Amino acid sequence: MKLQFKFNLFGIITFLILCGLFYGLVPLPASTLWRALVCVLAVALFFGMCFVVVTQKSPIRKSK
């Protein structure tokens, strides 16, 4: 198993929507430093959600 980044239009749109919803709906702290830290952590989390686990084909079931 390995992580693989799936770069497609659906993933980009979902990432942007999640970031916009987070920024619009979550009350952020008034301090600039804390606001930036919370936003960076959220963006890193949403970016991490773009990765999927890919499994390799089983060597037992070889296609003919």
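This is a predicted model: local features need pLDDT of at least 70, side-chain atom pairs count only at pLDDT 80 or more; totals for chains, interfaces and linings use all residues.
Q: In what order do the elements of the protein chain run from the N terminus on?
A: The protein chain has two helices and two strands. Read from the N terminus on, these elements follow the order β-α-α-β.

Q: What share of the residues of the protein chain count as buried?
A: The accessible surface of the protein chain comes to about 5800 Å², and 72% of that surface belongs to carbon and sulfur atoms. A residue counts as buried when its relative accessible area is under 20%. Of the 64 residues in the protein chain, the share that count as buried is 12%.

Q: How far does α1 reach from its first C-alpha to its last?
A: Helix α1 covers residues 9–25, and it has 17 residues. At 1.5 Å a residue the expected reach is 24 Å, and the reach in the model, which is close to that expectation, is 24 Å.

Q: Within what arc do the buried residues of α1 fall, seen down its axis?
A: The buried residues in α1 are G11, F15, C19 and F22. Seen down the axis of α1, these buried residues line one face of the helix, because they fall within an arc of 70°. An α-helix has 3.6 residues a turn, so residues three or four places apart point the same way. The arc asked for is 70°.

Q: Which helix is included in what covers the buried residues of α1?
A: F22, one of the buried residues of α1, touches L28, V38, C39, A42 and F46, leaving aside residues up to four places away in sequence. C19, which is also found in helix α1, touches V43 and F46 under that same exclusion of residues up to four places away. The cover over the buried residues of α1 includes residues 32–48, which make up helix α2.

Q: Is F22 buried or exposed?
A: F22 has its place in helix α1, and F22 and F46, 24 residues apart in sequence, are 10.0 Å apart in space from C-alpha to C-alpha. The relative accessible area of F22 is 18%, and the cut-off for burial is under 20%. Because its value of 18% falls under that cut-off, F22 counts as buried.

Q: Which nonpolar patch on the surface includes L21?
A: L21 lies in helix α1 and is partly exposed, with a relative accessible area of 45%. On the face of α1 turned away from its buried side are the exposed residues L9, F10, L16, G24 and L25. The nonpolar patch that includes L21 has about 580 Å² of accessible area together, and its residues are L9, I13, I17, L21, L25 and V26.

Technical notes: Residues are numbered from 1 along each chain as its sequence is written. Side-chain values use heavy atoms; hydrogens and water are left out. Patches are made of residues with over 30% relative accessible area and no salt bridge: like charges are joined within 9 Å, nonpolar side chains (Val, Leu, Ile, Met, Phe, Trp, Tyr) within 5 Å. Accessible areas come from the Shrake-Rupley method with a 1.4 Å probe; for residues, only the protein chains shown count as cover. A salt bridge is a side-chain nitrogen of Lys or Arg within 4 Å of a carboxyl oxygen of Asp or Glu. Helices (H or I, at least four residues) and strands (E, at least two) are DSSP runs, numbered from the N terminus. Buried means under 20% relative accessible area, exposed over 50%, partly exposed in between (1.4 Å probe, protein chains only). The expected span of a helix is 1.5 Å times one less than its number of residues. The arc is that of the directions from the helix axis to the C-beta atoms. Contact means heavy atoms within 4.5 Å.
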